[in-house]
Amino acid sequence: MKFFIDTANLDQIREAQDLGIMDGVTTNPSLMAKEGINGKENINRHYVEICNIVDGDISAEVISTDYAGMIAEGNQLAALHENIVVKIPMIKDGIKALRYFSDKGIKTNCTLIFSAGQALLAAKAGATYVSPFIGRLDDISLSGVDLISQIRQIYDNYAYETQILAASIRHPMHIIECAEVGADVVTCPLKPILQLLNHPLTDSGLAQFLSDHAGNK
Ligand code: G3P
């Protein structure tokens, strides 16, 4: 399973990259705004900085919601760096844009996926990734992980190559459950990734080893 970090914060991206386990980065307009990155030039420069830190797929989201706008914006984003993946919203014109970029050999990530039907349409349109938002489904008392399972089954039934990129991950159990049901990628903030490290028996076991070693001197 691939690990992407879901942030536009360069310090967190560097810290995750230093772990040596990162395969890519996802961003969205909200994450850019959270870092105070505004205006097309600054945003584009920020994407290039991210590409220079992590050598993997870097999702950059279009703001346009009409076909022509998404095509123009997506082409500009793709030209920034060879690792840019054009992130397209799950709307009608978005499906057409996914087909356009797929035919052109440009990678895409179809975002704001909340149902199996949406994931099926995105796969038909040739999306490289689909991003089901599992935490936001949990927020409204639906199971985000069940959606990942459902999409996995549909994609396996027809050998769709579109990769399931589980997003809106809130805690380490989300990561583990996504791995159990066969998500191709999880994208999450740094915190749940680091929380995977924790186990009290690791801490007490290490303390004992170090104490025994000190007593043996
Ligand atoms: O990748 C999507 C993610 O950024 C949304 O997360 O926590 O706002 O639902 P959240």
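The sulfur of C51 lies 19 Å from the closest cysteine sulfur, that of C188, which is too far for a bond. The structure holds zero disulfides (pairs of cysteine sulfur atoms within 2.5 Å). This is a predicted model, in which local features need pLDDT of at least 70 and side-chain atom pairs count only at pLDDT 80 or more, while totals for chains, interfaces and linings use all residues. Residues are numbered from 1 along each chain as its sequence is written, and side-chain values use heavy atoms, without hydrogens and water.

**Cysteines**
- C188 is in no disulfide; its nearest cysteine sulfur, in C178, is 8.9 Å away.
- C51 counts as buried because its relative accessibility is 5%. Buried means under 20% relative accessible area, exposed over 50%, and partly exposed in between (1.4 Å probe, protein chains only).
- C188 also counts as buried, at 0% relative accessibility.

**Barrel**
- Eight strands form a closed barrel in the order β1-β2-β3-β4-β5-β6-β7-β8, with parallel pairing. The twist averages 30° from one strand to the next. Its angles run from 0 to 180 degrees between N-to-C directions, with axes fitted to C-alpha atoms.
- Strands (E, at least two residues) and helices (H or I, at least four) are DSSP runs, numbered from the N terminus. Two strands pair if DSSP finds at least two bridges between them.
- β1 (residues 2-6) and β8 (residues 185-188) run parallel and are joined by four bridges.
- K2 stands opposite V185 in β8.

**Loop residue L196**
- L196 sits in the loop between α10 (190-195) and α11 (200-215).
- L196 counts as partly exposed, at 35% relative accessibility.
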